Structure formats: structure tokens, C-alpha cells
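Dear colleague,

Please find below the structure that I am handing over to you. My notes on what was found in it follow directly after.

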Amino acid sequence: MKNKILILIITAITLFPSCESLVVEPTDFVATEFFYDSEENLNYGLNGVYDVLGSWNLWGGGNGLSGNADVADEMYFRSASVATGIWSYNYASSDNRILMIWMDLYKGIERANLILKYIDDVKDITEDRKNEIEGQVRVLRAWFQFALVRNFGDVPLKISATTSTYDVDIPRTPANEIYQFIYDDLVKAEGMLKPSTAYTTPGRICKEAAQGILAKVCLFWAGFPNYQTDKYADALYWSEKIINSGLHSLNPSYEQFFINLIQEKYDMQESIWEIEFYNPDITDYFEAGQIGVNVGISQNVLELGYGVGHYKVHQMHYNRYEEGDTRRDWAIAPYFYYYNANPLQKLDWGTNYYDRDVGKFRREYELTTSKSKNFSGINFPLLRYADVLLMAAEAENEVNGPTTKALDYINEVRARANASILESGMSQDEFRSILQDERSRELCFEATRRLDLIRWGIFVERMKELEVYVDETAPSNRVANASEAAKNVEFKHNYFPIPVSEVSINKMLDQTPGW
């Protein structure tokens, strides 16, 4: 996404219209069917679809799926008392953050649908380039739909562009049907896309990205609440397509992978797909992210990269790592900044486990000399090779048990982290439990854990275990905040509610059970 982002404003079509009609007639605009008339404009449109990924309501590191909504699990918690919010499972269907997530996901789908509607009408484009654009658009649309069905359950499946501002009554589609549509669309896209070797950055969707998302879709399809367990075999097939391609490998250093991400040094071996954000020193587009600002190390020295430090890490997560695992002290910052010293000092947290910040995205490593207080240029990983290896290990165990191949896949991830190597002889259930913890150790704070717990059907159970653990281990000044989400969580929180404003507008849309 190194092109300058053009934000498309299509005045004739609105996905979520107001109940009141506008009477002012536009005096000048380009009709949608005439805008998508060239390869250049298709590229602008494609960038507009990519643009939605970086929304602060989604994966931009602010209030959305990689921030407030991701934090409500047993890895981290909101450090300050804020009684109402997604992070504490104390919210209603009228919560504005839920509405913003919903709207931005459908915004991405609508932009994708517009391109797919008109792409065949473009004349001055080669078939190869048209397929490349269409493949990327289909993956993006599938990704937004995947986020909807994972977070909201049964939702309206929007597969064509909106043609009327009055065409808003669309019923919920069963999740199983949505997964089938996503899967079929991704398979079609995979055949259109180029391998990662065709690109210089992982910001553009390649063939292996489609394969990895296919594996992830199959794992979720196989789990709660659909339990289509035959999809584990498909998850194994698609993840092994990437492994056997030989195009990807782990960076030898866990720390260095994230330093590269922070410094915009593209690691095409491990990073298969990431969201790119604005860096004023080395880019010419503006996509402002907040990775490392909200979920990062708390400090107020701008030269080091200002961090709000909204969230602290649970001791339960810290203790998942064995001594010597190099991931622990990178993902969980072992130090804090002492401001009263001159010069500024870093001090060790010692045994203050509940005071530790998320350290994975450290702004002090940013290369830019023009750091912003509220925004960062740190890219966000949506799919990396370590995730692919763990998906393959999980799928292999579910299909064939804890085979040598399953052990090899998980041990490749553990060996990079200097963790002990797992030996054969365990049961399928034992391997499954180890794999679940390994995903937490490797992929923490990358917007995966809450959704993993939900698909495994153990979300509420684990949160209630956390409540007991916090009561037994947290210092008195941390018990209330650290246990708040666990105390409030109920079965209904496996899904977000449908925004109340959408239920009021769409007469065929009913509310999620429990909400």
C-alpha cells in the first residue's frame, strides 16, 4: 500500500442511510459506473478497499478489533477503571464502538462490491492485471465478512453493491452459509493471485495470504458454533500449501521480526500480510495508525514515542512462558520509564507482574525523526508464518492426532523462541491444550486470542478461571480492574450485539439472542 490513498466518496450510494431524505440535488459528481472506467481508477478503488483495514475501529490500533475489543481476554486488561465498555463486558447494543466496527466492516464490503460490479467493463487493462485486482478485492471482501461472522454471528451477507438508498431490509444469513460463501470466494481469489515473490511489501495480498486466510476460515468453521469438523482437513491442506511452497520461513529472532515491523523493514519471509501505516520520513501516503500508542509502553517522552499505556498484562499470561523463552520479555515489557531522573531511566519491574505493559510494539525503535504523539507508523501483522505453522499443527492433531508432523510444526515455532522441544507420547487432548497455550505465547496482542477462545468453545470458562486467579494473585490495587471483564462476562458475549440503530432501520434484522 505504498500508493497515495484516495478516499472514494460516492455521493449517490450510501450503505447506511439516514431515515431522513436529502432534498438538495448534487450539481456535479462522477457516477459510479463512469468512475470505474480505467485501470488507474480501479487502482484508486482498490486502495480505497485496503484503506478500511487501517480504520481505528478495526485494525488501526485504536478503539476497534486490535484495541478495545481484543483486550477483553485473559492476556491483558484495562489499567484504569472505566466502568462501561467492550473491554469490561459491560455494554449494550447501543454502544457506539460496536456500531463503528459494524459500519466500517460493511464499508469495506461495499467498496469491494462496487469494484466487482464494474471491473469487467474496464477495457484498457490486461487480463493478468484485472485478475490480480479482482483476486485482492475478493480476499479483502472475504476478510471483512469473516470479521463480521466471527464477531457478530449470523449477519446480512452483502454480496452486491447497493443500488438504492431504500434497499436496506436484509435478513441475517446463517453463519454456516456465510462461511461457505467466504470459502468459495477465497478459493476463486487464490487462483487469480500472484505469489509473494511478485511484490516488494507484504502490504499487498498475495497467493499465500489467500491460502492462509482459507486455513484460518476452516479452523473457525470447524469450531464453535458450527462444528463442521471436516473442515480441519481443509485447514491442514491450505496451511501446508504455504509450508510446502518454500516461500516463507521464520525470522531467526522473534524480537527482530517485530523490530523490522516497527521500522518498516519488510520481512517477506515471515510476514505474509500486514497493514501498512504512515511514516513521515519514508512514505508518501497518509494512513495514520495507533499501534504502540494505546496498546504499548506507557511514557510521555515524544522522542521515544509517546504511549498511553491503557492496558496491562495479566500475570496468568506472563506465567505461560517457561524461563528462557525469548518471547516473554519482548511481548511483555520487563521495564518502565522513570520520569523523575535526568536523563530518563529504564527501571526493572521486578515481581510487579500486574503493572507490566504490552511490549510487542515498542515505539522507541521507530526510525522516524518526526514522531507523532497520537499516531505511529508501526505496521500491524494480519498473517505471519508462525501462525501458519501453528494452524497446521492444530489441524494435523485434529485430523490425525499428535503425529511427528504436528510436533515438528509446533516445535519449529518453539525452537525459534528457545522454548523446550515437545516430545512424542502425549494424547490428542494434551497436544490440543499445549497448542492453545502456544498460540497465546506466540500471537499475543495480535487480535487473535479472544476469537481463538470463542472458536474452541472455552471462552467463558477461561474467563471465569481468570477471575479466580486474579483474586488469588493480584495486589489489592489491581484486583478490581484486572478481574472486571471476567466478573462481567456471560455466554452472550461470544458475540457482539447487532447495533440497535441497525435493528431499527433494517426491518428484517432481529437481535442476537441474549442481547
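Two strands are said to pair if DSSP finds at least two bridges between them. Helices (H or I, at least four residues) and strands (E, at least two) are DSSP runs, numbered from the N terminus. The model is predicted, so local features need pLDDT of at least 70 and side-chain atom pairs count only at pLDDT 80 or more, while totals for chains, interfaces and linings use all residues. Residues are numbered from 1 along each chain as its sequence is written, and side-chain values use heavy atoms, with hydrogens and water left out.

**A pair of strands**

Strand β2 (residues 271-275) and strand β6 (residues 380-384) run antiparallel and are joined by four bridges. Within this pair, W273 has L383 of β6 as its bridge partner. Strand β2 is mostly covered, as five of its five residues are buried. Here, buried means under 20% relative accessible area, exposed means over 50%, and partly exposed lies in between (1.4 Å probe, protein chains only).

**An enclosed helix**

Helix α8 (residues 254-262) is largely enclosed by the rest of the structure, because seven of its nine residues are buried. These are Y254, F257, F258, I259, N260, L261 and I262. Which elements do the buried residues of α8 pack against? They pack against β2, α10 (328-331), β6, α12 and α13.

**Two pairs of helices**

Two packed helices are described by the angle between their axes and the distance between the axes. The axes are lines fitted to C-alpha atoms, for helices over the stretch in contact, and angles run from 0 to 180 degrees between N-to-C directions.

The axes of helix α4 (residues 127-152) and α6 (207-222) come within 11 Å and cross at roughly 20°. That makes α4 roughly parallel to α6; angles under 35 degrees count as roughly parallel, over 145 as roughly antiparallel, 65 to 115 as roughly perpendicular and the rest as oblique. The crossing of α4 and α6 is left-handed, a term used if the near helix is turned anticlockwise from the far one by less than a right angle, whereas clockwise gives right-handed. On the α4 side, the contact (heavy atoms within 4.5 Å) is made by V139, W143, F146 and R150, and on the α6 side by A210, I213, K216, V217 and F220. By class, these residues divide into seven nonpolar, no polar and two charged. In this scheme Ala, Val, Leu, Ile, Met, Phe, Trp, Tyr, Cys and Pro count as nonpolar, Asp, Glu, Lys and Arg as charged, and the others, Gly among them, as polar.

The second pair consists of helix α5 (residues 175-190) and helix α7 (residues 231-245), whose axes come within 14 Å and cross at roughly 25°. Helices α5 and α7 are therefore roughly parallel to each other, and their crossing is left-handed. Y183, V187 and E190 of α5 meet D234, W238 and K241 of α7. The contact of α5 with α7 has three nonpolar, no polar and three charged residues.

**Backbone details in the loops**

The loop between α6 and α7 holds P225, which is joined to F224 by a cis peptide bond with omega of about 0°. Y227 lies in the loop between α6 and α7 and has a positive phi of about 50°, although it is not a glycine. Is Y227 buried, exposed or partly exposed? Y227 counts as partly exposed because its relative accessibility is 46%.

N418, in the loop between α12 (404-416) and α13 (428-443), has a positive phi of about 65° and is not a glycine either. At 53% relative accessibility, N418 counts as exposed.

F361 is found in the loop between β5 (345-348) and β6 and counts as buried at 2% relative accessibility. The C-alpha atoms of F361 and G292 are separated by 5.0 Å, although these residues are 69 apart along the chain. Leaving aside neighbours within four places in sequence, F361 is in contact with residues including F258, L261 and I262.

F431, in helix α13, is buried with a relative accessible area of 0%. Beyond its neighbours within four places in sequence, F431 has contacts that include A406, L407 and I410.

R462 is found in helix α15 (residues 459-473) and is buried, with a relative accessible area of 15%. With neighbours within four places in sequence left aside, R462 is in contact with E74, Q436, D437, R449 and L453.

Yours sincerely
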